[in-house]
Amino acid sequence: MDLLSKILVIGAGGGFGAAIRHMLAGILEGGLNLPAFAAVMGVNVLGAFLIGFVFLLIETRFRPEGNSRLKDLPVSRDLETLDGWPEGDPTLPAVDVFQAKQSAELYSGFFITGILGGMTTFSLFSLLTLNLVQSGEIAWAVFNAIGTVILGFLATQLGFRFGCRWALNRPNQSNPPE
Amino acid sequence: MSTLIAYLFVLLGGAAGALSRFGVQELFRAFTRWPGWVAVFFVNVLGSFLIGLVVAWLQGLIALEHSERLDPLQLYIDTQDADHGLALLAAGFCGAFTTFSSFSLDNHFLAKESRALLLFNMLGSLITCLAAVALGWSVGKAMAG
């Protein structure tokens, strides 16, 4: 993808991602009466789940040359029944490999760098933790800091699991099941 | 109506923030040989500093207006402007410039690579970003006078 398309895709994704966060945090704060830090925690953990899910789908679909970073992770074992995983399909024509690479860049630029990057935030999380410290609520500050990081890690793991299930159920075009 | 405008500011700031993050990541990739998570660590620290600065500064300005001007209409306008400033710079730009999802994803790759690096990224990000936001906060307060 050329630079201009990347800028358009990431800019649009980032703008909508930030607006989605603003809306979701507003709903969690206003609708469920959660404190601001909990609302941001909720959005961040949701984003961490979604990045696991989306990343796995992009990597399993658009890495026919077998260079996915996922193949070093434990989750890769669950994907072994997937066609061409993890080493890719060496018989694929170069033009298809090129197209897959372009699609991977497009989707990861829009959804991962853009939407999810804009939706999740570390700065508001830091600010709200500082706010808890300043108002003397040390226990909540520690809970927020440790809890967000741990829950985010687990949520990404869960996203991988859901992504696996989705990827394995996807109809396989090159080798239809007999 | 003002909510809609606030969303527009968040959207614009978010687009600029995500693009700046992408720019920093590309710069790191072009000029250093560090792995990708270092760039995410860096933007999170920088963004935390900026949000502390911006929020303390703008809130300090509102407080200043409160003490000096008693005209309620003017006060309302000033607060609105500051609110839009916060929507653009804090919720929009800093919010989208930093990222938690990529941080969580990177942690999975680090967990596979080495437990020490994973702990370094998790605890290091937490401690450095909190220190950065506190530093930004005091700088912003000083700027507002």
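Student: How many residue pairs are in polar contact between chain B and chain A?

Tutor: A polar contact is a pair of N or O atoms within 3.5 Å, where within protein one must be able to donate a hydrogen and the other to accept it, and residues adjacent in sequence count only if both atoms are side-chain atoms. In this predicted model, the count between chain B and chain A is 15 residue pairs, both residues being at pLDDT 80 or more. Local features here need pLDDT of at least 70 and side-chain atom pairs count only at pLDDT 80 or more, while totals for chains, interfaces and linings use all residues; side-chain values use heavy atoms, with hydrogens and water left out.

Student: How many salt bridges does the rule find across the interface?

Tutor: The rule asks for a side-chain nitrogen of Lys or Arg within 4 Å of a carboxyl oxygen of Asp or Glu, and across the interface of chain B and chain A it finds zero. By class, the side of chain B that touches chain A has 25 nonpolar, 16 polar and three charged residues, where Ala, Val, Leu, Ile, Met, Phe, Trp, Tyr, Cys and Pro count as nonpolar, Asp, Glu, Lys and Arg as charged, and the others, Gly among them, as polar.

Student: Which element of chain B gives the most to that side?

Tutor: Helices are DSSP runs of H or I with at least four residues, strands are runs of E with at least two, and both are numbered from the N terminus. Helix 4 of chain B gives the most to the side that touches chain A, with 11 residues.

Student: What area do the two chains bury between them?

Tutor: Buried area is the accessible area (1.4 Å probe) that two parts lose on being put together, summed over both. Chain B and chain A bury about 3800 Å², 78% of it on carbon and sulfur atoms. In chain B, the residues that lose the most area to chain A are B:Phe100, B:His108 and B:Phe109, together 20% of what that side buries.

Student: What is the volume of the largest pocket, and which residues lie nearest its centre?

Tutor: Rolling a probe the size of a water molecule over the atoms shows where empty space is left. On a 1 Å grid over the protein atoms alone, a pocket is an open set of points where a 1.4 Å probe fits, with protein on both sides within 12 Å along at least five of seven lines, and lining residues have an atom within 4 Å of a point. The largest pocket has a volume of about 1000 Å³, and among its 33 lining residues A:Arg69, A:Ser108, A:Thr113, B:Gln25 and B:Arg29 lie nearest its centre. Helix 3 of chain A supplies the largest share of the lining, seven residues.

Notes
Residues are numbered from 1 along each chain as its sequence is written. Chains are lettered from A and ligands numbered from 1 in the order in which they are written. Grid points are joined across faces, edges and corners, and a volume is the space filled by probe spheres set on the points.
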